[in-house]
Amino acid sequence: QNADEQRSVASLTKLMTALLLMENVSDLENTKITAERSLYVPPITNPDSSTADIWPGETVSALSMLYAMMLPSANEAAEAVGYYLGNGNLNNFYALMNARAAALGCTNTHFVNPHGLDADNHYSTPRDMAKIAQYALSLPNFSEVCESSRYTIPQTNKQGPRTLVTTW
């Protein structure tokens, strides 16, 4: 119903961030991503923002970032992944998101952040999000991540192991 109606896509945005991570990082377990201190600003730091308790300056594997985005819907993880894949420039990542959406046949989608927190000009449609989800599910291991209810982030440079649980 209303498959082509533009609307906010909220955390479904993380599907695009996740698929770009999986497409652009060949070794998710051994590639390390640091949550740069400069990324910890509103809306990421708002009290109601979903997180995986990844601290500023903490370095975790790309695989842990993937689980953090998919299980507790961690906004700081999505922001860190976007910064990493955008080579230190989030605008580069937004351009990558929009180009990939277009390549997947999305004709009514525009991303302006990697996490889906409300922002002007950030939208998609049910039809376009279905295309993104269908493609993401075709990627190796993505279904396994999404079907998981728990994942333990190993010890990092900032804190000991911690277990993430799904938000649904």
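Predicted model: local features only at pLDDT ≥ 70, side-chain atom pairs only at ≥ 80, totals over all residues.
Residues are numbered from 1 along each chain as its sequence is written, and side-chain values use heavy atoms, with hydrogens and water left out. Local features need pLDDT of at least 70 and side-chain atom pairs count only at pLDDT 80 or more, whereas totals for chains, interfaces and linings use all residues.

Helix 4 (residues 90-103) has 14 residues, helices being DSSP runs of H or I with at least four residues and strands runs of E with at least two, numbered from the N terminus. From its first C-alpha to its last, helix 4 reaches 20 Å, close to the 20 Å expected at 1.5 Å a residue, where the expected span is 1.5 Å times one less than the number of residues. Its buried residues (under 20% relative accessible area with a 1.4 Å probe, protein chains only; exposed means over 50%, partly exposed in between) are Leu-90, Phe-93, Tyr-94, Met-97, Asn-98, Arg-100 and Ala-101. Seen down the axis of helix 4, these residues fall within an arc of 160°, so they line one face of the helix, the arc being that of the directions from the helix axis to the C-beta atoms. The face turned away from this buried side carries the exposed residues Asn-91 and Ala-103.

A search of the whole structure finds one aromatic pair, a pair being rings of Phe, Tyr and Trp (its six-membered ring) with centres within 6.5 Å, stacked if the planes are under 30 degrees apart, edge-to-face if over 60 and tilted otherwise. Tyr-67 and Tyr-151 form this stacked pair, at 4.0 Å centre to centre and 5° between the planes.
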